[in-house]
Amino acid sequence: MKVIEHFENAKGQTLISFEVLPPLKGGSMKTIFDTLDPLLEFKPPFIDVTYHRQEFLYKMRDSGYYEKIAIRKRPGTVGICASIMHHYGIDAVPHLICGGFTKEETENALIDLNFLNVKNVLVLRGDARRFDDRFVPEPGGHEYAVDLVRQVVSMNKGKYLDLDIENGLKTDFCIGIAGYPEKHFEAPNMRSDIQFTREKVEAGAHYIVTQMFFDNSKYLEYVDSCRENGMDVPIVAGLKPLTRKSQLSSLPRHFHVGIPDDLARAVEKATKPEDVREVGIEWCIAQSKELKAKGVPCLHYYTMGDTETIRRIVKEVF
Ligand code: FAD
């Protein structure tokens, strides 16, 4: 089923969903099942699986020269989605990115997904590679997520890159996109970022999933802004508990989100790692309860492999 249909069927009830990362190369599906098994009692209608593009590393060889090595640390997104759907009968949402893909490769990936009966995609641009100072599109690929949304929409109309294909199979993908309650870090300001998000919705995106946030007022203001700018699609709240003191700086650095002063002070005051974790869990429970009371369509938890923490939170909220 499509994500958007799950929202319609929920009739205003807040849904829960989870995001998982593919295991590191050499790992197995057991890692995914071990993450998801304890969360199934909450009946998530869909589960997202992230996509990780190829990176280049420089390794020093015995000769003293550096060799450039291509490595994809977490492959397997499509296979994991198919496996989740087969094993649990739950809809899987593969993340689809522009980075590293030509349009032709994207088209072929979408054909694979369609043949596997995957009905949903979360369409993203992807980040810059580690040694690039900005996002560089693949030659023959897309520069912005909106262009990828347009490609999926075209396939939903039966239009393929090869214009000689007549009466091509119409896919029927439900399209999610990313939104940033605290602005995407490259956007000059919130107004500009909202306009580009609106462009994605006008291009055919069906719903938005937000970047994680720790201050609910940021999410609520963001929803208001989207509505004022003519976007009426569901806006899923992305949540991740803070569980380690080091995350006071790593989360802002990697995800460009702020940590509210009350939370930061409580974490700084905690002396033991387990106390920090408790502070983070309590904060996320309070956030989730408030958002649920406000009737958000879905609370989407970034599991990052920490099932036990997510389980504790969701059990308190639902
Ligand atoms: P876009 O919508 O293309 O926006 C990127 C930037 O360009 C923004 O600053 C925007 O304001 C600006 N912009 C947009 N359109 C235009 C235009 N036409 N002209 C000028 N500027 C424009 N990354 C992964 O690699 N794999 C994942 O699985 C993954 N999952 C994610 C899930 C969620 C819920 C979120 C929030 C992010 C995820 N990311 C993932 C990270 C994401 O790829 C990055 O945040 C990326 O930097 C931006 O992606 P986007 O789709 O928002 O890009």
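Begin by selecting the shell around the ligand, which by class has twelve nonpolar, five polar and five charged residues; here Ala, Val, Leu, Ile, Met, Phe, Trp, Tyr, Cys and Pro count as nonpolar, Asp, Glu, Lys and Arg as charged, and the others, Gly among them, as polar. This is a predicted model, in which local features need pLDDT of at least 70 and side-chain atom pairs count only at pLDDT 80 or more, while totals for chains, interfaces and linings use all residues. Residues are numbered from 1 along each chain as its sequence is written, and side-chain values use heavy atoms, leaving out hydrogens and water.

The ligand is surrounded by 22 residues, each with a heavy atom within 4 Å of it. Among these, the closest are Asp127, Tyr180, His184, Asp193 and Lys200.

Next, display strand 5 (91-97), strand 6 (120-124) and helix 6 (190-203), each of which supplies at least two shell residues. Helix 6 gives the most, with three residues. Helices (H or I, at least four residues) and strands (E, at least two) are DSSP runs, numbered from the N terminus.

Now turn to the polar contacts, pairs of N or O atoms within 3.5 Å. A polar side-chain atom of His95 lies 2.8 Å from a ligand oxygen atom. For Gly126, a backbone N or O atom lies 2.9 Å from an oxygen atom of the ligand. For Lys200, a polar side-chain atom lies 2.7 Å from an oxygen atom of the ligand.

Finally, select Gln13, in the loop between helix 1 (3-10) and strand 1 (15-20). The C-alpha atoms of Gln13 and Cys298 are separated by 8.3 Å, although the two residues are 285 residues apart along the chain.

Key: A polar contact is a pair of N or O atoms within 3.5 Å; within protein, one must be able to donate a hydrogen and the other to accept it, and residues adjacent in sequence count only if both atoms are side-chain atoms.
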